[in-house]
Amino acid sequence: MRDGNRTALQDDAVPDASSQLLSGAVSVAAILLFVGTGSSVLSATINHYFRGGAAVDQTIMIALMLNIALILFGWRRHGHLARRIEIHTAAEARAQQLAARDPLTGFLNRRSLSEEGAALLAQARKRDKSMALMLLDLDHFKTVNDMHGHAVGDALLRTVAVEITQIMPGGALTARLGGDEFACALLFDADHPDTIERIAERLIARMAQAFEADTVRCHISCSLGIARSDRDCSNIEALMRCADIAMYAAKKAGRNRFTWFDHSMERELKARNDLENGLRSAIPRGEIVPYFEQQVDLESGRLEGFEVLARWDHPTRGLILPEVFIPIAEETGLIADLSLSLMRQAFTVARDWDDSLRLAVNISPWQLRDAWLAQKIIKLLTETGFPARRLEIEITESALFENLELAQSIIGNLKNQGTTVALDDFGTGYSSLAHLRALPFDRIKIDKSFVTSMNESPDSAAIVTAIARLGESLNLPVTAEGVEDEALDIRLREIGCARAQGWFYGKPLSVIGARRLLAEKGLLRSRPAETVSAPQDNLTSQRLTG
């Protein structure tokens, strides 16, 4: 019943052809009747007054008056219908505009860009031109929204749209595809791509400047990808896809820049997607396995423990190094499951190692956003039977910037269980001393970028020496990463570093390789039932004395 009423109201609100035809027919008939009746009444009236004829028949007079009323009604009805048609036409035009335009910026929306972009692409072919499609994504826009609210974010988007309009030449298409993503399409001479590059440079330069949005001063930048029709794609959909891939490459390269599409980007993106899909199944299947890098006491040469590293034991590609898949795990949110799986395996393997051996595990900045991280690690320790006092958690300085209070809570809970905590990659952040005061660290780890170059770079040597002295003054032992030759080992012992790790002491070992090394050194509480060879591991130690 409710639907029927709605339909009736809609039909009444919009005049159709039949109602207009009926109104017109009534008006025409009334006019014709008026002409006939009026002429008869006029003739009778003249004859009555001037020639003494009979008076006008009252019935005819009444008919004439009714006829006049009918004409007035029809005219009013016609005017009413005309106004309704005009309102309806304007509403339809408005609806079409809303369907084609982004209501916030007035730019084309995605669907309209596809339609008008296809027409512009056809025009490019007729004029022997090339069409460029720029895809522009604002960097750090989410930060503006989170800090100042969506009203400021919307004001910033409108301001950005004005700037884009001013920079783009006449005849260009401008669109907002959603969120903070914009697109621009324009024609250019295929032999002069520098025309497009100059426009892209102006866009990059303007977006890097401060914006005033709703009385708030905002700082952003943009990543811009460009695709051209004469080389990359033959239709508007492919052109938009290629520009999107180029924009993603610009973001990956550091943002605040533009990049032309290249087919190698597409191959790289496909390889990355393949890795991501494989990673989602690799973690539950246990393909991400622990490898162990030796940590050595520099004074005695004694093996003190291992840092746990991740390797992907891929069924067809073999071992994949962490720098390939860890960034993907962090981007996709898989890093937490990966890390916990890796810890579980490492804790289980190391249960029967000598009590003097420690495991160092690096925690990702993404994991420090989890308020339950400490409880999850403690649960793993309990389930595997690995002593908390033999675990050292490594946290990078960059991981502390986002939420220092949460990091303090997590570290405090872990230390209450007997776990030690090390500040990793020391010297690469901006507030190292503040973090050392704010958090109860047990060790400092010098970033390997300083260690590996300290014999060639006086600056690196000075930094390593200063960190070693700082650790000594704060009673914090220092570990040096990236020791690759004997010269570095000697220099670090002279400086006074307590511990070191790197390939000079042996390459990272698999589970089997680590057990074999420990068995040779008598550092297993009980030997495994059988020994399996692992030729891929470097099982020798150049300095370890046992």
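This is a predicted model: local features need pLDDT of at least 70, side-chain atom pairs count only at pLDDT 80 or more; totals for chains, interfaces and linings use all residues.

Me: How do you know that the count of disulfides is what it is?
Reply: A disulfide needs two cysteine sulfur atoms within 2.5 Å. Take Cys184: the closest cysteine sulfur is in Cys222, 9.9 Å away, so that's too far for a bond. By this rule the count is zero.

Me: What makes Cys184 and Cys497 buried or exposed?
Reply: Buried means under 20% relative accessible area. Cys184 comes in at 2%, so it's buried. Cys497 has 6% relative accessibility, so it counts as buried too.

Me: Why are the buried residues of helix H5 said to be on the same side?
Reply: In H5 (residues 141–148), the buried residues are Phe141, Val144 and Asn145. They cover an arc of only 95° around the axis, so they sit on the same side of H5. Lys142, Asp146 and Met147 are exposed on the other side of H5.

Me: Which elements do the buried residues of H5 pack against, and what follows the helix?
Reply: They pack against strand E1 (130–139), helix H6 (150–167) and strand E5 (216–218). After H5 comes Gly149, with a positive phi near 95°.

Me: How many aromatic pairs are there, and why is Trp312 with Phe325 called edge-to-face?
Reply: Searching the whole structure turns up seven aromatic pairs. For Trp312 and Phe325, the ring centres are 5.9 Å apart and the planes are at 85°. Centres within 6.5 Å make a pair, and planes over 60 degrees apart make it edge-to-face, so that's what this one is. Trp312 is in strand E9 (residues 303–314) and Phe325 in helix H10 (residues 322–332), 13 residues apart. Both Trp312 and Phe325 are buried.

Me: What makes the pair of Phe347 and Phe386 stacked?
Reply: Stacked means planes under 30 degrees apart. Here the angle is 5°, with 5.1 Å centre to centre, and the pair is stacked. Phe347 is in helix H11 (residues 335–349) and Phe386 in the loop between helix H12 (373–384) and strand E12 (391–396), so the pair ties together parts 39 residues apart in sequence.

Me: How do you know that Arg369 sits over the ring of Trp366?
Reply: For an Arg, CZ has to be within 6 Å of the ring centre and within 35 degrees of the ring normal. The charged end of Arg369 is 4.0 Å from the centre of the Trp366 ring, and it does count as sitting over that ring. Arg206 likewise lies over the face of Phe211, at 4.1 Å from the ring centre.

Terms used:
Residues are numbered from 1 along each chain as its sequence is written. Side-chain values use heavy atoms; hydrogens and water are left out. Buried means under 20% relative accessible area, exposed over 50%, partly exposed in between (1.4 Å probe, protein chains only). Helices (H or I, at least four residues) and strands (E, at least two) are DSSP runs, numbered from the N terminus. The arc is that of the directions from the helix axis to the C-beta atoms. Contact means heavy atoms within 4.5 Å. Rings of Phe, Tyr and Trp (its six-membered ring) pair if their centres lie within 6.5 Å; planes under 30 degrees apart count as stacked, over 60 as edge-to-face and the rest as tilted.
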